[in-house]
Amino acid sequence: MTTWRGAVGVPAARVEGPAKVTGGAGYAYDRPVADPAYAFPVQATIARGRVVSIDSAAAAGVEGVLAVVTHRDAARLADTEDAELAVLQSDTVSFRGQFVGVVVAETPQAARHAAGLVRVEYEQQPHDTELRADRPGLYAPEQVNEGFVTDTDEGDVDAALEAAAVTVDRVYTTPMEFNNPMEPHTTVAVWEPGGGFAEDARLTLFDSTQGPHVVRSTLARVFGLSPERVRVISPYVGGGFGSKGMPHAHNVLAVLAARAVPGRPVKLALTRQQMFALAGHRTPTIQRVRLGAGEDGRLTAVAHEAVEHTSTIKEFAEQTAVGTRMMYAAPNRRTSHRLAALDVPVPSWMRAPGEAPGFFALEVAMDELAQACGLDPIELRVRNEPEVDPESGRPWSGRHLVRCLREGAARFGWAERTPPGTRLVGRELVGLGVAASTYPYYRLPGSRAVVAYEGGGRYTVRIGAADIGTGAWTVLTQIAADALGCPLRAVRVEIGDSDLPAATVAGGSSGTTSWGSAVVAACRAFRHVYGEQPPAGAEAGADMPDDPDVERFAMHSFGAQFAEVRVDADTGEVRVPRMLGVFSVGRVVNPRTARSQFIGGMTMGLSMALHERGVLDHRTGHVINHDFADYHIATHADVMDVDAVWLEEEDVHAGPLGARGIGEIGIVGAPAAIANAVHNATGVRVRDLPITPDLLLR
């Protein structure tokens with residue numbers, strides 16, 4: 001157990017805050033480079049087929065155009081195994097919006113205008129973009145995201161369901177959803193020497209990414225370079241929600257564009273509309289959940305079967321049903337995942353992949369079971385609390401879900417809840433809902449930190465991490481200050497550069513636990529070598545140490561989400577005046593940034609519950625609501641009293657910090673809590689997201 005000296009646990013202000021609010025923070029696209037050119041993509045207007053011809057004469061004639069690059073003349077890539085990144089390597093079109101060319105010009109306006117003049121003729125082939133649970137060709141992937149097994153089957157689920165006194169058997173759906181960070185996906189590509197064809201060529205990218213080292217290793221492979229000849233710089237990132245967790249096609253396109261104009265850096269920024277086809281999305285899901293229980297509500301069987309889509313060129317299998325495997329005690333459990341490979345853009349990570357859609361289905365089903373058993377929804381969950389992890393049999397490192405539920409109920413006024421459809425205030429039906437949430441503890445191997453003493457009582461800590469707005473600059477400074485035994489102001493942290501020591505991606509709520517553990521190890525190594533009075537220039541580094549407890553304990557964060565909704569009895573409009581989350585996440589390093597993360601996740605869950613839905617036109621393969629005018633997300637007017645609190649605790653098994661992840665758990669239970677509150681208000685059970693007035697008025 002670490003003895004903390006004062007900085008950890010303090011609600012410190014963001015160290016990068018002044019730079020951000022004064023405009024001093026350098027985001028990727030803003031990076032000043034000498035004599036930049038600008039790229040604008042040409043995108044496919046069909047969902048499947050091949051390019052027959054490209055007429056770029058009009059585009060090439062636009063004043064300021066430097067190059068028009070297509071599959072006919074783009075540089076050949078060294079590695080095309082990842083088909084999403086095999087940009088401009090063939091005439092094949094696999095989804096609408098795929099890159100078929102790029103224009104490079106002196107100004108972004110000229111590039112965009114010229115791109116609109118490129119004429120492409122296609123041989124169009126029949127396409128398929130519609131996800132159905134009964135469609136032919138569904139298949140089981142070898143594994144689902146994060147390496148989980150695809151299916152599990154323990155006990156005799158069918159017999160237990162047949163014998164159960166009370167059963168729930170329902171289908172729940174979630175739509176395509178899109179990450180939409182405030183900062184779009186941007187890249188500035190610089191080849192040195194110019195053009196990138198020399199044997200000693202070096203590539204520098206100023207990139208909006210959640211993992212500079214991931215981008216470096218991936219693009220080095222794609223372009224046949226050693227990693228040492230690629231540098232990725234991303235000190236400031238304007239959000240990602242998973243979409244910037246891995247390189248996408250635009251990274252490769254920018255580098256190809258820079259190769260086409262030797263000696264010129266090239267800037268590329270995707271438009272908001274382009275991001276809907278090129279930056280990943282959350283797959284739609286069709287989920288069948290079956291629960292069997294005794295009359296006392298104790299579960300005897302749980303079955304959770306998910307159907308979702310992936311693209312034809314790259315498989316991504318979201319782990320939608322994985323959380324169900326460990327959430328509640330039941331002797332008979334079955335989970336499965338089936339994919340439909342469709343002519344759609346490549347799905348990818350989006351905040352709490354798996355848990356966010358999966359727990360909407362599971363927690364609404366639990367609410368339905370509570371109603372069928374005549375039990376309070378909190379009491380039902382308490383009765384099904386497992387003593388050990390039902391999946392692995394391991395003891396919990398710290399499972400305090402019941403405490404979260406009880407404390408949340410007291411804070412939220414749960415005792416005021418009335419039977420469904422019975423509380424009318426003016427013209428509004430009022431209801432309360434609850435849902436449980438969880439997220440795994442991830443501490444990813446591969447991070448290293450270096451500590452240097454600059455003299456005068458000041459230290460520099462270097463690690464190639466990324467701060468995507470979550471507060472990493474600040475919490476790493478706090479962790480280092482405590483581990484070194486110095487004031488917060490004495491530590492300067494350097495992050496966001498692949499020339500710094502390796503760091504894992506900012507994803508899976510793993511950043512603080514992974515990078516922070518490496519920082520603690522480096523600080524301890526420094527003190528071991530140099531003691532309390534180091535000489536100027538002293539330096540020491542360390543890798544993140546292994547944690548043997550990861551193999552001995554089941555490690556998860558838990559939470560209880562509460563929502564009050566008010567539904568207009570005439571129009572069906574849903575408002576959420578109050579939300580509360582109570583979380584168990586181990587030690588909280590910075591209460592200020594932690595609360596921001598919890599509330600941000602809950603707000604995103606509200607948006608998921610009431611607004612977000614990508615509408616795919618199956619005739620064209622086009623996401624037709626591909627902008628903020630038609631793809632609705634929660635705004636200030638939608639978000640009222642949202643509060644988050646947490647248990648004061650330390651998980652002594654969760655590395656040297658005693659902390660578990662917080663970035664994603666806030667979204668996990670929020671949609672189900674709102675859906676359950678809508679049922680309590682109206683008596684109408686909605687099983688399909690988003691919850692819109694038409695579903696209630698039917």
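Author: Helices (H or I, at least four residues) and strands (E, at least two) are DSSP runs, numbered from the N terminus. The model is predicted, so local features are given only at pLDDT of at least 70 and side-chain atom pairs only at pLDDT 80 or more, whereas totals for chains, interfaces and linings use all residues. Residues are numbered from 1 along each chain as its sequence is written, and side-chain values use heavy atoms, with hydrogens and water left out.

Reader: How many helices and strands does the secondary structure of the protein come to, and what radius of gyration does the protein have?

Author: The protein has 17 helices and 28 strands. Its radius of gyration, taken over C-alpha atoms, is judged by a globule rule of 2.2 Å times the number of residues to the power 0.38. For 698 residues that rule gives a value near 26 Å for a compact globule, and the protein, with 26 Å, agrees with it. The C-alpha trace spans about 75 × 70 × 50 Å along its principal axes.

Reader: What share of the residues in the protein is buried?

Author: A residue is buried under 20% relative accessible area, exposed over 50%, and partly exposed in between (1.4 Å probe, protein chains only). By that rule, buried residues make up 63% of the 698 residues. Contact means heavy atoms within 4.5 Å, and of the contacts with a separation of 6 or more, 82% are between residues 24 or more positions apart.

Reader: How many residues does the largest nonpolar core have?

Author: In soluble globular proteins, nonpolar side chains tend to be buried together. A nonpolar core is here a set of buried Ala, Val, Leu, Ile, Met, Phe, Trp, Tyr and Cys residues joined through side-chain atoms within 4.5 Å. The largest one in this model has 88 residues, and those with the most contacts inside it include Leu291, Met327, Phe562 and Ile674. Helix α9 (residues 355-373) supplies the largest share of this core, with 11 residues.

Reader: Which residues of helix α3 are buried, and why are they on the same side of α3?

Author: An α-helix has 3.6 residues a turn, so residues three or four places apart point the same way. In helix α3 (residues 108-115) the buried residues are Ala110, Ala111, Ala114 and Ala115. They lie on the same side of α3 because they cover an arc of only 130° around the axis, the arc being that of the directions from the helix axis to the C-beta atoms. These buried residues pack against β1 (37-43), α2 (57-60), β3 (65-70) and β5 (99-105).

Reader: In what order do three strands form an open sheet?

Author: Strands of a sheet pair through backbone hydrogen bonds, either parallel or antiparallel; two strands count as paired if DSSP finds at least two bridges between them. The order here is β4-β2-β6, with antiparallel pairing. Strands β4 (92-93) and β6 (119-124) are the edges, each pairing on one side only. Strand β2 (residues 49-55) is joined to β6 by six bridges, and Ile54 has Val120 in β6 as its bridge partner.

Reader: Which peptide bonds are cis, and which residues have a positive phi?

Author: Most residues other than glycine have a negative phi, and most peptide bonds are trans. The bond from Glu192 to Pro193 is cis, with omega near -10°, and Pro193 is in the loop between β11 (186-192) and β12 (202-207). The bond from Leu689 to Pro690 is also cis, with omega near -5°, and Pro690 is placed in the loop between α16 (670-682) and α17 (693-697). Phe241, although not a glycine, has a positive phi of about 55°; this residue is in the loop between β13 (230-233) and α6 (249-260) and is partly exposed, with a relative accessible area of 29%. Ala352, likewise not a glycine, has a positive phi of about 55°; Ala352 is in the loop between β17 (332-342) and α9 and is buried, at 0% relative accessibility.
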